[in-house]
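Work through the exercises below with the sequence and the 3D structure at hand. Each task is followed by a worked solution.

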Amino acid sequence: KTIWSFSSSGENLSRPILDLQTGHLYFQNAQDTVFCLEAESGKQVWLYTRNDAALITIRGAATPTLSEGQIFVGFSDGTFVALKASNGQLNWEQSLNRNKKFRDVDAQAVIYKDSVIVSGYDDKVYSLNAKKGSLIWSYPAGSDVAATLKDNFLYIGSTEGSVLKLNAENGDLVWTYKSVKGVPTQIVVFDDLIFFGESQGGLTVLRDRDGKFLGKFEPGRGIFSKPYIDEKKSEIYFISGEAYLYHLKFIKSPLETFSFIH
């Protein structure tokens, strides 16, 4: 039974997020408009929109990030903003990517201590002060998916076809894996293992500490969705480019060999 529906007058390409304390729902449509709704009723609380004069953009929209009363979200004109979660008021904005063909900031931001970290599509990874928006550091690796944060490290799937591990504190590079077929999905970290899908390849596993290749499962026609890991059972799920749902068990032996059981 449908409880309520809300027309945003455009494609809704980003995942909505819910604030359990206030009952507010936040999402962005493909026309660079961020909506805040009452989750209980679907009533609009506020909206924030930007007008992008660019002729070429990526078909996408960033999923908002909520932290300490602020909504962090990027737009197709290369702008990244912090909005007051209660009323949509602009707290600060940063123009991140002005010089590239695709200026879009479609990746979801992640929070690290007092900073917010986000990537431009074909630009850089940026670490910004969450309260002021000032730049802390940047690294030249664009992405359209959220970075994965574990402890003090970031894992980036670059749109140029590489996977990187960065120090979240200062942006220093730890290692790079460049043999990605196509574009990698968002990274999943489990123990000393790195999992990701390739848009023109398979499910790939690297060793966390040094980025060494451990193994791959080829489903055919690539992988575009982020894998999901059942950590208790050492099992993994993903959807292939052919729209098949795969459920695999992975085995890592003491000899550093790695294999999947279909």
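**Exercise 1. Bridge partners and a hairpin**

Which residue in strand 23 is the bridge partner of Glu 235? Keep in mind that the model is predicted.

Solution. 
- Step 1. The bridge partner of Glu 235 in strand 23 is Lys 249.
- Step 2. This belongs to an antiparallel pairing of strand 22 and strand 23, which has 5 bridges.
- Step 3. The two strands form a hairpin with 5 residues between the strands.
- Step 4. Within this hairpin, Ala 243 has a positive phi near 65°.

**Exercise 2. The other partner of Glu 235**

Solution. 
- Step 1. Strand 21 covers residues 228–230 and runs antiparallel to strand 22, with 3 bridges joining them.

**Exercise 3. Buried, partly exposed or exposed?**

Classify Gly 241, Ala 243, Glu 68 and Thr 185 by relative accessibility, and say where each sits in the chain. The cut-offs needed are under 20% for buried and over 50% for exposed, with partly exposed in between.

Solution. 
- Step 1. Gly 241 lies in the loop between strand 22 and strand 23. Its relative accessible area is 32%, so Gly 241 is partly exposed.
- Step 2. Ala 243 is also in the loop between strand 22 and strand 23. Ala 243 counts as exposed because its relative accessibility is 66%. Ala 243 is not a glycine, yet its phi is positive.
- Step 3. Glu 68 is in the loop between strand 5 (65–67) and strand 6 (70–74). With a relative accessibility of 77%, Glu 68 is therefore exposed. Glu 68, again not a glycine, has a positive phi of about 50°.
- Step 4. Thr 185 is in the loop between strand 16 and strand 17. Its relative accessibility is 4%, so Thr 185 is buried.

**Exercise 4. Distance along the chain and in space**

How far apart in space are the C-alpha atoms of Gly 241 and Gly 201, and those of Thr 185 and Ala 82?

Solution. 
- Step 1. Gly 241 and Gly 201 are separated by 40 residues in sequence, and their C-alpha atoms are 9.7 Å apart.
- Step 2. Thr 185 and Ala 82 are 103 residues apart along the chain, with 26 Å between their C-alpha atoms.

**Exercise 5. A pocket and its lining**

Which residues line the second largest pocket, and how do they divide by type?

Solution. 
- Step 1. The volume of the second largest pocket is about 260 Å³.
- Step 2. Its lining includes Tyr 121, Asp 144, Val 183, Pro 184, Thr 185, Phe 224 and Lys 226.
- Step 3. The lining residues comprise 6 nonpolar, 4 polar and 2 charged.

**Exercise 6. The largest nonpolar core**

Solution. 
- Step 1. The core has 15 residues, and among those with the most contacts inside it are Leu 193, Phe 195, Ile 236, Phe 238 and Phe 250.
- Step 2. The strands that each supply at least two residues of this core include strand 18 (193–197), strand 22 (235–239) and strand 23 (245–252).
- Step 3. The largest share, 3 residues, comes from strand 23.

Technical notes
Residues numbered from 1 in each chain as written. Predicted model: local features only at pLDDT ≥ 70, side-chain atom pairs only at ≥ 80, totals over all residues. Heavy atoms only, no water. 1 Å grid on protein atoms, 1.4 Å probe; cavity = no way out; pocket = protein on both sides within 12 Å on 5 of 7 lines; lining within 4 Å. Points joined across faces, edges and corners; volume = space filled by probe spheres on them. Nonpolar A, V, L, I, M, F, W, Y, C, P; charged D, E, K, R; others polar. Core = buried A, V, L, I, M, F, W, Y, C linked by side-chain atoms within 4.5 Å. Buried < 20%, exposed > 50% of the residue type's maximum accessible area, 1.4 Å probe, protein only. Helix = DSSP H or I, 4+ residues; strand = E, 2+ residues; numbered from the N terminus. Pairing = 2+ DSSP bridges.
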